[in-house]
Amino acid sequence: MTWAREGARRATAGASFAFVLSACAPEGTTPGQDRAGRAEGAEDAGLTEAGVDRNGGRDASAASCFAACQNTSFTCQAKDGAAARTTSRVELTLDATGCTGSVTIGTSAAVALRLDCVEAQVCIGGSPGSTPTDCVDATFSAFTYAFTPEDGAFTLCTRD
């Protein structure tokens, strides 16, 4: 009886080990597709050759913009040249088409700011409470948004 139990235990252990190995085996691919299911030779939109997302996870969708608008306070950095940075503070309030508020750049007076989720734009200028009219395309995520105003300094804003 001891030999029979030992043989059954070994058979069960061997079958379990074979099952685990088969679970770890690579899945087959459809001809013409890579392992991720993309067409062979296709590149991911927005990725560099090294696989880095140029937009830092941001996109121009309304959902991403509204997710950013759920935050009320941001700190922004405008990169002008290789090392010079300008820091600004943003306060926002959610509204029907995005969010509105004001931005204070350095120690200067606050100006109006609007994240327009319908148009995927950031609008800036004018006194706080007014409707800013200088609008540029932007990208958004749940915690950040980025844009390049007409002065050309790429600006990245991150929630506080």
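This report describes the confidence, strand pairing, aromatic contacts and nonpolar core of a predicted model.

## Confidence of the model

The average pLDDT of the protein is 78, and 66% of the residues score at least 70. Residues 16-26 remain under 50 in pLDDT, and the model gives this stretch one contact beyond four places in sequence. Residues 32-44 also have a pLDDT below 50, with 12 contacts in the model beyond near neighbours in sequence. Where pLDDT is low, predicted coordinates should not be read in detail.

Strand β3 (residues 98-105) pairs with β4 in the antiparallel sense through six bridges. Within this pairing, Gly-98 has Asp-116 in β4 as its bridge partner. Five residues separate the two strands of the β3 and β4 hairpin, in which Gly-106 adopts a positive phi near 60°.

β4 also pairs with strand β5 (residues 121-124), again in the antiparallel sense, over four bridges. Here Leu-113 is placed opposite Ile-124 in β5. The β4 and β5 hairpin has four residues between its strands. Ala-120 belongs to the loop between β4 and β5, and its phi is near 55°, a positive value in a residue other than glycine. Most residues other than glycine have a negative phi. With a relative accessible area of 10%, Ala-120 is buried, and Phe-140 is among the residues in contact with Ala-120.

Strand β6 (residues 134-140) runs antiparallel to β7 and is joined to it by three bridges. The two strands form a hairpin with three residues between them, and Thr-139 is found opposite Ala-146 in β7.

On the other pairing of β7, four bridges connect it to strand β8 (residues 154-159), with the strands antiparallel. Tyr-145 lies opposite Cys-157 in β8. This hairpin has six residues between β7 and β8, and Gly-152 in its turn has a positive phi of about 90°.

Thr-139 is located in strand β6. Its relative accessibility is 18%, and since the limit for buried residues is under 20%, Thr-139 counts as buried. The Thr-139 side chain makes a polar contact of 3.1 Å with the side chain of Arg-58. Apart from residues up to four places away in sequence, Thr-139 touches Arg-58, Asp-59, Thr-144, Tyr-145 and Ala-146.

## Aromatic pairs

The structure contains two aromatic pairs. Phe-74 and Tyr-145 form an edge-to-face pair, at 5.0 Å centre to centre and with 75° between the planes. Because Phe-74 lies in strand β1 (residues 73-79) and Tyr-145 in strand β7, this pair ties together parts that are 71 residues apart in sequence. Both Phe-74 and Tyr-145 are buried.

Tyr-145 and Phe-147 form a stacked pair, with 6.2 Å between the centres and 10° between the planes. Both of these residues are buried as well. The ring pairs link Phe-74, Tyr-145 and Phe-147 into a cluster.

## The largest nonpolar core

In soluble globular proteins, nonpolar side chains tend to be buried together. The largest nonpolar core of this model has 20 residues, of which Val-90, Leu-115, Val-122, Phe-140 and Tyr-145 touch the most other members. Elements that each supply at least two residues of this core are α2 (62-69), β1, β2 (85-95), β3, β4, β6 and β7.

Phe-140 has contacts with several regions of the chain when its neighbours within four places in sequence are left aside. Among them are contacts to Gly-57, Arg-58, Asp-59, Ser-61, Ser-64 and Cys-65. Phe-140 is also in contact with Leu-115, Gln-121, Val-122 and Tyr-145. Of these partners, Leu-115, Val-122 and Tyr-145 are, like Phe-140, listed with the core residues that touch the most other members.

Conventions
Residues are numbered from 1 along each chain as its sequence is written. This is a predicted model: local features need pLDDT of at least 70, side-chain atom pairs count only at pLDDT 80 or more; totals for chains, interfaces and linings use all residues. Side-chain values use heavy atoms; hydrogens and water are left out. Two strands pair if DSSP finds at least two bridges between them. pLDDT is the predictor's confidence in each residue, from 0 to 100. Contact means heavy atoms within 4.5 Å. Buried means under 20% relative accessible area, exposed over 50%, partly exposed in between (1.4 Å probe, protein chains only). A polar contact is a pair of N or O atoms within 3.5 Å; within protein, one must be able to donate a hydrogen and the other to accept it, and residues adjacent in sequence count only if both atoms are side-chain atoms. Rings of Phe, Tyr and Trp (its six-membered ring) pair if their centres lie within 6.5 Å; planes under 30 degrees apart count as stacked, over 60 as edge-to-face and the rest as tilted. A nonpolar core is a set of buried Ala, Val, Leu, Ile, Met, Phe, Trp, Tyr and Cys residues joined through side-chain atoms within 4.5 Å.
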